[in-house]
Amino acid sequence: MIKPNNDIVRVKRHIQTLQSHRVAVTVRLGRNKIQRFCGTLTGVYPALFTVRPDDEHFLGKTSYSYAEVLCGSIEVRESGT
């Protein structure tokens with residue numbers, strides 16, 4: 001489901017402001033499966049961004065496209081800690 005009143009440029013700008021900050025990532029995998037982790041947003045590229053998890057044994061995907069954020073399957077927010 002695409003969130004109303006949002007566009008890919010706005011999502012990219014928001015992610016760029018979080019570069020090198022600690023972030024909390026929520027990944028909606030479908031069928032009521034949700035994965036959450038904290039890490040550092042390490043790279044911002046034209047088509048995707050990368051997050052380095054705090055847990056070095058993390059076995060999940062760590063690069064995401066802006067379209068995933070726009071569609072709501074990925075949520076990235078600044079971590080308070």
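User: Let's start with glycine 43. In which strand does it lie?

Analyst: Keep in mind that this is a predicted model. To place a residue, look for the element around it. Glycine 43 lies in strand 2, which covers residues 33-44 and pairs with strand 3 (residues 48-53) in the antiparallel sense, over five bridges. For glycine 43, the bridge partner in strand 3 is threonine 50.

User: Is glycine 43 buried or exposed?

Analyst: Check the relative accessible area against a cut-off: under 20% means buried. Glycine 43 has 4% relative accessibility, so it counts as buried.

User: And which residues does glycine 43 touch?

Analyst: Skip the residues up to four places away in sequence, and you get Gln19, Phe49 and Thr50. Another pair to look at is glycine 43 and serine 20: they are 23 residues apart along the chain, with their C-alpha atoms separated by 7.9 Å.

User: What about salt bridges? How many are there in the whole structure?

Analyst: Look for oppositely placed partners, a nitrogen of Lys or Arg and a carboxyl oxygen of Asp or Glu. A search of the whole structure finds five salt bridges. One of them joins the side chains of aspartate 54 and arginine 22, at 2.4 Å from N to O. That pair links distant parts of the chain: aspartate 54 is in the loop between strand 3 and strand 4, arginine 22 is in strand 1 (residues 22-30), and they are 32 residues apart.

User: How accessible are aspartate 54 and arginine 22?

Analyst: Aspartate 54 is partly exposed at 44% relative accessibility, and arginine 22 is partly exposed too, at 29%.

User: Which residues are joined into one network?

Analyst: Start with glutamate 75 and arginine 28, a salt bridge whose closest N and O atoms are 3.4 Å apart. Glutamate 75 is in strand 5 and arginine 28 in strand 1, 47 residues apart. Salt bridges that share partners then join Arg28, Glu75 and Arg77 into one network.

Conventions. Residues numbered from 1 in each chain as written. Predicted model: local features only at pLDDT ≥ 70, side-chain atom pairs only at ≥ 80, totals over all residues. Heavy atoms only, no water. Pairing = 2+ DSSP bridges. Helix = DSSP H or I, 4+ residues; strand = E, 2+ residues; numbered from the N terminus. Buried < 20%, exposed > 50% of the residue type's maximum accessible area, 1.4 Å probe, protein only. Contact = heavy atoms within 4.5 Å. Salt bridge = Lys/Arg side-chain N within 4 Å of Asp/Glu carboxyl O.
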